[in-house]
Amino acid sequence: MKTKREESENAADEGEAAKRQKLIDQSSTQLAFENSLLPLASYDDDDEEEEDDRRDKGANNGRKAEQNRSAYDEEDEDDDEESELGQGNRSRAIEVRRDCPYLDTVNRQVLDFDFEKFCSVSLSNLNVYACLVCGKYFQGRGQKSHAYTHSLEADHHVYINLRTEKVYCLPDGYEIIDPSLDDIRHVLNPRFARGQVGQIDQNRQWSRALDGSDYLPGMVGLNNIKETDFVNVTIQSLMRVTPLRNFFLIPENYAHCKSQLVLRFGELARKIWHARNFKGQVSPHEFLQAVMKASKKRFRIGAQSDPVEFMSWLLNTLHGDLKSSIKGRSIIHQCFQGELEVVKEIHGDSGNGMETSRMPFLMLGLDLPPPPLFKDIMEKNIIPQVPLFNILKKFDGETVTEVVRPRIARMRYRVTRLPKYLILHMRRFTKNNFFVEKNPTLVNFPVKNLELKDYIPLPAPAENRRLRSKYDLIANIVHDGKPGEGSYRVFVQRKSEELWYELQDLHVSETLPQMVALSETYMQIYEQQQ
């Protein structure tokens, strides 16, 4: 039996212990919120939370926001963390440091951001980080992630999020803020101010890659991944079309567009014209993946295709993805769309008829005269030549063109509106039931001052406007080799110095304007003189 005195002393001791424990709890809670970075920073990642969601949906009410999120959105996650910390609901934070002892391990020589952003282990494209020491891609940065494991196994500690461009040190988990990493961010996602874009064609300065080689921004080689030279020459040609290039150098111009083809084309354009690349060439790998998906593998890696067909498909697809719902116009039509008047004479059993219509065009096809069947005295094939003006007569409104499909008819064409950029392609290849034949005829064309009004009738200009019918060549695509095989190369002009360059995949070399005309031209882009 305890006395009343003992009972009162025990009660007092218990009260003091309870008060002491309450004070400890209050002080620890207050300390945690006053300086939440004192313990080791928590760096749970979205991919961890996704796994937790699968295992135990709705088990933790404190993570309700993340469980309902279907995408890996780290920027939103960081914002959520800050707001939740302010409300005192959770003590999750990411430490930010300016000094990191591992920055000297970053190896820029191995960094290549041209390829698809997939984890090298899980092959997932969600929440991918690049190791800045070895260049490999890994998913996540949480304790169960592949990047975290790699940091422990390989002793590589610096990683960049390929979407948010934030840099972290693993396994410590803190974010690194250091201006020395800005050059890596610029290579990952090249940026152009509007003022810079307007001055690009005046820039004559060469850039230097990490290996010491010099390159010209805009005149960089493109990797031929496997028989993708038809894509490379098309891209290099379109990069000379100033309004189109300027449009895609500013991502805000097409921020409303969700098409992967548009986004990848813009990304590729920015990489080609970027003056701070780590190397003097660019790989169009991500763009090709978008092309394969959008074209349903009509154009794909490993299968040679026709650049004329690819150019036509690319321009029409980009237009369809970019056009505004109000007027149906896009930067593609602003640059390349002209108009033809077509007169069709139909002769059939039911009688003769004539139809006149207007049709828009993005490029004009020119028919070459048939090559000679005989050889000269030296038993060599005679290579015929034809002036460009002769084959342009197809569009004078008088020359008749016989067509068989969809039914036999006689067609006459007349240009009623000229585009700012005129694309011409020579029909060199003819297909029959047995093989494809290539016409070797050389086309003689002017590099500057192509005056169309002297050879084809043009519509009268609107009042107070002058007729702009004079064009300068800016790109010339050439086919070398046998039909169905061979390779493509392109001659392009650098406007800042009016010099001509020959580009064939990774090969870039200066050439003379006279050499441009001595080739079996296949497709050309002319720029209207203003």
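Arg 97 and Asp 99 join their side chains in a salt bridge, with N and O 3.8 Å apart. Arg 97 is partly exposed, at 26% relative accessible area. The model is predicted. In total, the structure holds 28 salt bridges. Three of them are listed here.

| Salt bridge | N to O distance |
|---|---|
| Arg 97 – Asp 99 | 3.8 Å |
| Arg 264 – Glu 286 | 3.8 Å |
| Arg 494 – Glu 497 | 2.9 Å |

The Arg 264 and Glu 286 pair links distant parts of the chain. Arg 264 sits in helix 10 and Glu 286 in helix 11, 22 residues apart. Glu 286 is buried because its relative accessibility is 6%, under the 20% cut-off. Arg 264, at 22%, counts as partly exposed. Both residues belong to a network of salt bridges that also includes Asp 112, Asp 114, Lys 117, Glu 267, Lys 271 and Lys 279.

Glu 497 is partly exposed at 27%.

Now the largest pocket. Its space comes to about 1,400 Å³. It is lined by 40 residues, and those closest to its centre are Arg 163, Gln 260, Leu 263, Arg 264 and Glu 267. Helix 10 (260-272) and helix 11 (285-294) are the elements that each give two or more residues to this lining. Helix 10 gives the most, with seven residues. By class, the lining has 18 nonpolar, seven polar and 15 charged residues.

Met 515 lies in helix 15 (residues 513-516). Met 515 is partly exposed, at 42% relative accessibility.

Terms used
Residues are numbered from 1 along each chain as its sequence is written. This is a predicted model: local features need pLDDT of at least 70, side-chain atom pairs count only at pLDDT 80 or more; totals for chains, interfaces and linings use all residues. Side-chain values use heavy atoms; hydrogens and water are left out. On a 1 Å grid over the protein atoms alone, a cavity is a set of points where a 1.4 Å probe fits but cannot get out, and a pocket is an open set with protein on both sides within 12 Å along at least five of seven lines; lining residues have an atom within 4 Å of a point. Grid points are joined across faces, edges and corners, and a volume is the space filled by probe spheres set on the points. Helices (H or I, at least four residues) and strands (E, at least two) are DSSP runs, numbered from the N terminus. Ala, Val, Leu, Ile, Met, Phe, Trp, Tyr, Cys and Pro count as nonpolar, Asp, Glu, Lys and Arg as charged, and the others, Gly among them, as polar. Buried means under 20% relative accessible area, exposed over 50%, partly exposed in between (1.4 Å probe, protein chains only). A salt bridge is a side-chain nitrogen of Lys or Arg within 4 Å of a carboxyl oxygen of Asp or Glu.
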